[in-house]
Amino acid sequence: MEYVRAFLAGGLVCVIAQLLIDRGRWTPAGVASLLVVLGVILGFGGVYDRWVASVGAGAMLPLSGLGYVFAKGVMVGPPPSGLVATGGAVFRFAGALLAFMVAGSFAAALICKPKG
Amino acid sequence: MGLRTDYLREVKAFQPSPPYAANAGKAFLVGGALCALAQWLANWYGGTFATSALEAHLWASIVMAGLAIGLTAVGKYDDISQFAGAGATMLLTGLANALASAAIEHRSEGWMAGVGGQMLKAGGAAIIYGVIAAYVLGLFWP
């Protein structure tokens with residue numbers, strides 16, 4: 001059942017993004033940024049916590065999940081105060097994803113030659 | 001009105017309209033299937049060594065990103081994006097694909113200006129606006 005919910009929720013986000021690109025003439029980079037920023041705002045609003053609790057990976061894997069992870073780093077534990085603590089907290093969980101993707105992409109560039 | 005709006009109105013009849021329903025359906029199926037796969041991974045990590053639901057989901061996301069980077073390296077992820085559109089690009093796997101394909105594409109320009117400088121060319125906007133939004137809102141939270 002939770003697979004069905006993840007499938008439906010993830011698919012729904014992708015359909016909305018696709019329609020924004022096709023009908024709304026948004027650029028893909030614009031839609032991606034919109035999703036991430038929406039994830040941040042809804043994350044701080046507390047809505048995204050419930051969304052993740054009910055649909056799981058259907059909320060985490062779309063790019064809005066990356067925004068939620070940014071916000072979640074600030075929201076876990078005692079509230080950070082000041083520029084230093086807040087800046088670190090933004091990357092508390094999101095750093096795991098970003099560091100892996102950057103290092104993995106570098107490794108791919110080490111191994112592969114461009115095709116075509 | 002001006003020449004520009006006249007032109008845009010005149011050529012509209014000759015431009016093909018994108019197949020909205022077919023594109024949306026393909027995005028729904030592929031995006032949903034990838035999320036269901038990530039849910040299966042998250043359940044597996046949650047049942048083994050992850051200590052919280054968030055950690056299990058982060059592990060699942062990392063594994064999905066790793067799969068996407070691997071598929072990009074062999075040139076297969078572009079085929080999925082071509083078919084599914086937003087169903088493949090608007091997920092974390094799509095962001096991993098954007099970074100990896102930019103890194104591979106620009107390696108002939110050198111490791112500094114090419115790979116280092118261009119890696120975020122396509123995927124950077126989403127990361128940058130996410131960081132700005134989270135940092136600014138985080139300064140005023142709670």
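This is a predicted model: local features need pLDDT of at least 70, side-chain atom pairs count only at pLDDT 80 or more; totals for chains, interfaces and linings use all residues.
Of the 116 residues in chain A, 50% count as buried.

Staying with chain A for a moment, its secondary structure comes to six helices and zero strands. Read along the sequence, the pattern is α-α-α-α-α-α. The C-alpha trace of chain A spans about 50 × 40 × 30 Å along its principal axes. If we take the contacts in chain A with a separation of 6 or more, 62% of them are between residues 24 or more positions apart.

Now to chain B and how it meets chain A. On the chain B side, 62 residues are in contact with 63 residues of chain A. Which elements of chain B give two or more residues to that side? They are α2, α3 (53-73), α5 (86-89), α6 (92-105) and α8 (124-139). The largest share comes from α2(B), with 16 residues. By type, the residues on the side of chain B that touches chain A divide into 45 nonpolar, 15 polar and two charged.

Two packed helices are described by the angle between their axes and the distance between the axes. Here the pair is helix α2 of chain A, residues 28-45, and α8(B), with axes that come within 8 Å and cross at roughly 25 degrees. Angles under 35 degrees count as roughly parallel, and α2(A) and α8(B) are therefore roughly parallel to each other. Their crossing is right-handed.

As for the residues, the α2(A) side includes A:Ala29, A:Ala32, A:Val36, A:Val40 and A:Phe44. Among those they meet in α8(B) are B:Ala125, B:Tyr129, B:Gly130, B:Ala133 and B:Leu137. The residues of this helix contact divide into 13 nonpolar, two polar and no charged.

Last, the core. How many residues does the largest nonpolar core have? The number is 85, and the residues with the most contacts inside this core are A:Leu63, B:Ala38, B:Met90 and B:Leu92. The largest share of the core, eleven residues, comes from helix α2 of chain B, residues 20-47.

Leaving aside its neighbours within four places in sequence, B:Met90 is in contact with A:Val13, A:Cys14, A:Ala17, A:Val31, A:Ala32, A:Leu35, A:Pro62 and A:Leu63. One of these, A:Leu63, is itself listed with B:Met90 among the residues with the most contacts inside the core.

Terms used. Residues are numbered from 1 along each chain as its sequence is written. Chains are lettered from A and ligands numbered from 1 in the order in which they are written. A nonpolar core is a set of buried Ala, Val, Leu, Ile, Met, Phe, Trp, Tyr and Cys residues joined through C-beta atoms within 7 Å. A residue is buried if 20 or more other C-beta atoms lie within 10 Å of its own, exposed if 12 or fewer, and partly exposed in between; C-beta atoms are placed from the backbone. Helices (H or I, at least four residues) and strands (E, at least two) are DSSP runs, numbered from the N terminus. Two residues are in contact if their C-beta atoms, placed from the backbone, lie within 7 Å. Ala, Val, Leu, Ile, Met, Phe, Trp, Tyr, Cys and Pro count as nonpolar, Asp, Glu, Lys and Arg as charged, and the others, Gly among them, as polar. Axes are lines fitted to C-alpha atoms, for helices over the stretch in contact, and angles run from 0 to 180 degrees between N-to-C directions. Angles under 35 degrees count as roughly parallel, over 145 as roughly antiparallel, 65 to 115 as roughly perpendicular and the rest as oblique. A crossing is left-handed if the near helix is turned anticlockwise from the far one by less than a right angle, and right-handed if clockwise.
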